[in-house]
Amino acid sequence: MPKLVIFGTGDVAQVVHYYFTHDNEHEVVAFTVDAHLRHADTFLNLPLLDFEDLAATHPPGESLLFVALSHAAVNKVRSSIYRKVKTAGYALASYVSSRATVFDRDAVGENCLIAEGNVIQPFTSIGNDVFLWPSNVIGHHAQLEDHCFVSSNVTIGPHCRIGNHAFLGLSCTVRNGVRIAPETVIGAGAVVMQDTIEQGVYLPPRGILHQKRSDEIQL
């Protein structure tokens, strides 16, 4: 079994560990973080190692890495660690759920997470370090560039292009052919009908508190 080291110790790392342990051929053998962030010797009953010393025990060529970090700073924290891991000579694994429908797995880059319930239609490309949480639909001929984060229940229409470091919130919709510019943030539930601007933030109408209580209305 290919040996895998996971970079990170947060919630995302726990989920990634579960996925790789229960639904993948890789053997998770350790976790790693930057030395100044390591405050224990183990995590999830596995060794927790300083990344600066990782090559001594898990050298490139013998172990793969997966950078399991969140979308903090519009995915830039994760992308910076991704680049550091690459510079250190490590190859990066990807996880594609057995419960996802992906017509062309060769079109998925490295350090990608494609969780259960995703439907990725033919002629779609997924860049490097792209995270798709459960139950998204990616239309045919769409392109997701590097370091994107797609939450759950997102619909991306055919021929869309999602730029580097974009963040798409829960249950948002991107109309076919729309280009989402780099570092765009799409809020939960937003419907995007035209191209966005770089670093733009797009929010839907928010829920408004009604003057009546719940026991005063008919449902």
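User: Where does H147 lie?
Analyst: H147 is located in the loop that runs between strand 13 (143–144) and strand 14 (149–150). Helices (H or I, at least four residues) and strands (E, at least two) are DSSP runs, numbered from the N terminus. The model is a predicted one, in which local features need pLDDT of at least 70 and side-chain atom pairs count only at pLDDT 80 or more, whereas totals for chains, interfaces and linings use all residues. Residues are numbered from 1 along each chain as its sequence is written, and side-chain values use heavy atoms, with hydrogens and water left out.

User: Is H147 buried or exposed?
Analyst: H147 is buried, because its relative accessible area is 7%. The term buried means under 20% relative accessible area, exposed means over 50%, and partly exposed lies in between (1.4 Å probe, protein chains only).

User: And what does H147 touch?
Analyst: Leaving out residues up to four places away in sequence, H147 touches N75, R78, S79, Y82, R83, N128, D129, V130, H165 and A166. A contact here means heavy atoms within 4.5 Å.

User: Changing topic, what lines the largest pocket?
Analyst: The lining of the largest pocket consists of F7, G8, T9, V33, D34, L37, R38, H39, L48, L69, V77 and I81. On a 1 Å grid over the protein atoms alone, a pocket is an open set of points with protein on both sides within 12 Å along at least five of seven lines, a cavity is a set of points where a 1.4 Å probe fits but cannot get out, and lining residues have an atom within 4 Å of a point.

User: What volume does the largest pocket have, and how do the residues of its lining divide?
Analyst: The volume is about 150 Å³. A volume is the space filled by probe spheres set on the grid points, which are joined across faces, edges and corners. Seven residues of the lining are nonpolar, three are polar and two are charged. In this scheme Ala, Val, Leu, Ile, Met, Phe, Trp, Tyr, Cys and Pro count as nonpolar, Asp, Glu, Lys and Arg as charged, and the others, Gly among them, as polar.

User: R38 is in that lining. Which side chain does a polar contact join to R38?
Analyst: The side chain of D50 is joined to that of R38 by a polar contact of 2.5 Å. A polar contact is a pair of N or O atoms within 3.5 Å; within protein, one must be able to donate a hydrogen and the other to accept it, and residues adjacent in sequence count only if both atoms are side-chain atoms. D50 lies in strand 4 and is buried, with a relative accessible area of 16%. Apart from neighbours within four places in sequence, D50 is in contact with T32, V33, A35 and R38.

User: How many aromatic pairs are there in the whole structure?
Analyst: A search finds 10 aromatic pairs. F7 and F51 form an edge-to-face pair, at 5.6 Å centre to centre and 65° between the planes. F7 lies in strand 1 (residues 3–7) and F51 in the loop between strand 4 (46–50) and helix 2 (54–57), so the pair ties together parts that are 44 residues apart in sequence. F7 and F51 are both buried. Rings of Phe, Tyr and Trp (its six-membered ring) pair if their centres lie within 6.5 Å; planes under 30 degrees apart count as stacked, over 60 as edge-to-face and the rest as tilted.

User: Why is the pair of Y19 and Y95 stacked?
Analyst: The pair is stacked because the ring centres of Y19 and Y95 are 4.8 Å apart and the planes are at 5°. This pair links distant parts of the chain, with Y19 in helix 1 (residues 11–22) and Y95 in strand 6 (residues 95–96), 76 residues apart. Y19 and Y95 are buried. Ring pairs also link Y19, F20, F66, Y95, F131, W133, F149 and F167 into a cluster.

User: What about the phi of N45?
Analyst: N45, a residue other than glycine, has a positive phi near 65°. Most residues other than glycine have a negative phi. N45 is in the loop between strand 3 (42–43) and strand 4, and counts as exposed at 78% relative accessibility.

User: And which loop holds V74?
Analyst: V74 is in the loop between strand 5 (64–67) and helix 3 (76–87). V74 is not a glycine, yet has a positive phi of about 50°, and is partly exposed, with a relative accessible area of 25%.

User: Last one: which backbone oxygen does the side chain of T124 reach?
Analyst: The side chain of T124 reaches the backbone oxygen of G139 at 2.8 Å. T124 is in the loop between strand 9 (119–120) and strand 10 (125–126) and is buried, at a relative accessible area of 5%.
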